[in-house]
Amino acid sequence: MKDIYSNPLTSRYSSKEMSYIFSDEFKFKTWRKLWITLAKGEKSLGLNITDEQIKELEAFKDDINFDVALEREKIVKHDVMSHVYAYGVQCPNAKGIIHLGATSCFVGDNTELIVMKEALLIVKKKIINVLNLLKKNALKYKNLPTLAYTHFQAAQPTTVGKRLTLYMQDLITDLEELNFILENLKLRGAKGTTGSQASFMELFNNDEEKVKQLDDFIAKEMNFKGVFAVTGQTYTRKIDSKILFLLSNIAQSAHKFSNDLRLLQHLKEIEEPFGKSQIGSSAMPYKRNPMKSERIGALSNFVISNVMNPSITFATQWFERTLDDSANKRLSISQGFLAVDGILNLYANIVDGMVVYEKVIEKHLMAELPFMASENIMMNQVKKGGDRQELHERIRELSQIAGKNVKEKGLENNLLELIEKDDFFDISKDELNEVLNPMKYIGRCPSQVDEFIENEVNPILEENINMIENIKEVEV
């Protein structure tokens, strides 16, 4: 029990690996890594920086004296200069070359880009794992007929496996967008106070080639494809907006799945995993609420609404930079990633343990199939010489009677029985039974599952096989 507010995204929903990416430790270790990289780049390009100074910086790169930095910040009210000071206390011989030529955004903005890249890699891994689990269930149930629904009204059957491919298609679309962002994400680099690189031109005696080489060196050392050609004091905040829109898209995909699962659980066709000792309700012991799916929906709503933050922040930046983005970014970006991490953890857990009740699915399908079979019956009678329009009208009349029996009297659907006994039709009981074979109505669903997985899913999983891991139980 804590006596101060604890963010549920870190204490309740997200993984430790994602939480660490947004921790102070990761942030300030990255700052020091950037300062070391800056010093190495400047030394390689001829500045008076020694190997001993760099070795001293490297010796303390992971040993951050947070207490010194915190006390210093109380005095100077500046987080970057407080950490420059704290690093210098540990590295007295190198303190004069720490942060040389840089502005605060050298560590601040570059670190934010590095953090988002690392967080995107975690998101990618979790999408890959959800796809892998959906694939297994899609193949397992590719031949299991089930009612499809349009407007949540019974429609022509599909299969359970085919329906699962729809969720996979959404995630693949998100993954394509994620990969594009990862492949094209750049660092801010060493651009100086307003992006002009004037301080570095001064350091290198107006040698533009060396200033450009410093940017290239930093990007390569930090494992980025390059740096933005131009920036203000900050990298364009449009990047934040773009990334959070991606997170929103992932949340939308997960929300769609969770809504369908909740509806299916209401129908008692498919359920999310339910723990042996899990309690569904404090008042109703029999309840098996779809709480994990509902949580996906709740977190997804948060992520979807969160895209307004970077959109407004980007739109309202003045000229080269204003600081009104800082507090908002600390909330919106970190919490967006933490929430999506929690969403994907839940998504994987549900798919991994989902329970399919085949007999209930069959019961619901067979209750509606007589209505859906009416067109086949009509075509069968036309082949025997019947009039299509007259057949249509008679089947419509009998369907109304059967529907009334189901809705008003609570009886079984007896449309086929009514057709069999009606002298208007020339059809045997065996012919009617054949019409009721569900496999006649699922079209290419099994083949679509096989082709989709073979052509689109398997190449993704094979390319990212190192990301596939065992799924952990969600903590709450």
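This is a chat about side-chain contacts in a predicted model.

Student: Let's start with the aromatics. How many aromatic pairs are there?

Tutor: The count comes to 10 aromatic pairs. Take Trp31 and Trp35: their ring centres are 6.0 Å apart and the planes sit at 70°, so this pair is edge-to-face.

Student: What angle cut-off makes a pair edge-to-face?

Tutor: Planes over 60 degrees apart count as edge-to-face, and the 70° between Trp31 and Trp35 puts them in that class.

Student: Where do Trp31 and Trp35 lie, and how far apart are they along the helix?

Tutor: They belong to helix 3 (residues 24-44). Because Trp31 and Trp35 are 4 residues apart there, about one helical turn separates them.

Student: Are Trp31 and Trp35 buried or exposed?

Tutor: Trp31 is buried, and Trp35 is too. Another edge-to-face pair is Tyr167 with Phe257, at 5.3 Å centre to centre and 85° between the planes.

Student: Which helices hold Tyr167 and Phe257?

Tutor: Tyr167 is in helix 8 (residues 160-184) and Phe257 is in helix 11 (residues 238-266), so the pair ties together parts 90 residues apart in sequence. Both Tyr167 and Phe257 are buried.

Student: OK, salt bridges. How many are there?

Tutor: The count is 25 salt bridges. One of them joins Arg237 and Asp325, whose closest N and O atoms are 2.6 Å apart. The pair links distant parts of the chain, 88 residues apart: Arg237 is in the loop between helix 10 and helix 11, and Asp325 is in the loop between helix 13 (308-315) and helix 14 (326-353).

Student: Are Arg237 and Asp325 buried or exposed?

Tutor: Arg237 is buried, and so is Asp325.

Student: What about salt bridges inside a helix?

Tutor: Glu209 bridges to Lys212, with 3.0 Å between the closest N and O atoms. Both are in helix 10 (residues 208-221), 3 residues apart, about one turn of the helix. Glu209 counts as partly exposed because its relative accessibility is 44%, and Lys212 is also partly exposed at 44%.

Student: Which residues do shared partners join into one network?

Tutor: Glu17, Lys125, Lys126, Asp341 and Glu469 are joined that way by their salt bridges.

Student: New topic: where is Thr146, and what does it touch?

Tutor: Thr146 is in strand 1 (residues 145-150) and is buried, at 0% relative accessibility. Leaving out residues up to four places away in sequence, its contacts include Pro157, Arg163, Glu269 and Leu365.

Student: Last one. Which residues form a nonpolar patch on the surface?

Tutor: Ile75, Val76 and Met81 do, with about 270 Å² of accessible area together. Met81 is in helix 6 (residues 79-90) and is partly exposed, at 41% relative accessible area.

Notes. Residues are numbered from 1 along each chain as its sequence is written. This is a predicted model: local features need pLDDT of at least 70, side-chain atom pairs count only at pLDDT 80 or more; totals for chains, interfaces and linings use all residues. Side-chain values use heavy atoms; hydrogens and water are left out. Patches are made of residues with over 30% relative accessible area and no salt bridge: like charges are joined within 9 Å, nonpolar side chains (Val, Leu, Ile, Met, Phe, Trp, Tyr) within 5 Å. Accessible areas come from the Shrake-Rupley method with a 1.4 Å probe; for residues, only the protein chains shown count as cover. A salt bridge is a side-chain nitrogen of Lys or Arg within 4 Å of a carboxyl oxygen of Asp or Glu. Helices (H or I, at least four residues) and strands (E, at least two) are DSSP runs, numbered from the N terminus. Buried means under 20% relative accessible area, exposed over 50%, partly exposed in between (1.4 Å probe, protein chains only). Rings of Phe, Tyr and Trp (its six-membered ring) pair if their centres lie within 6.5 Å; planes under 30 degrees apart count as stacked, over 60 as edge-to-face and the rest as tilted. Contact means heavy atoms within 4.5 Å.
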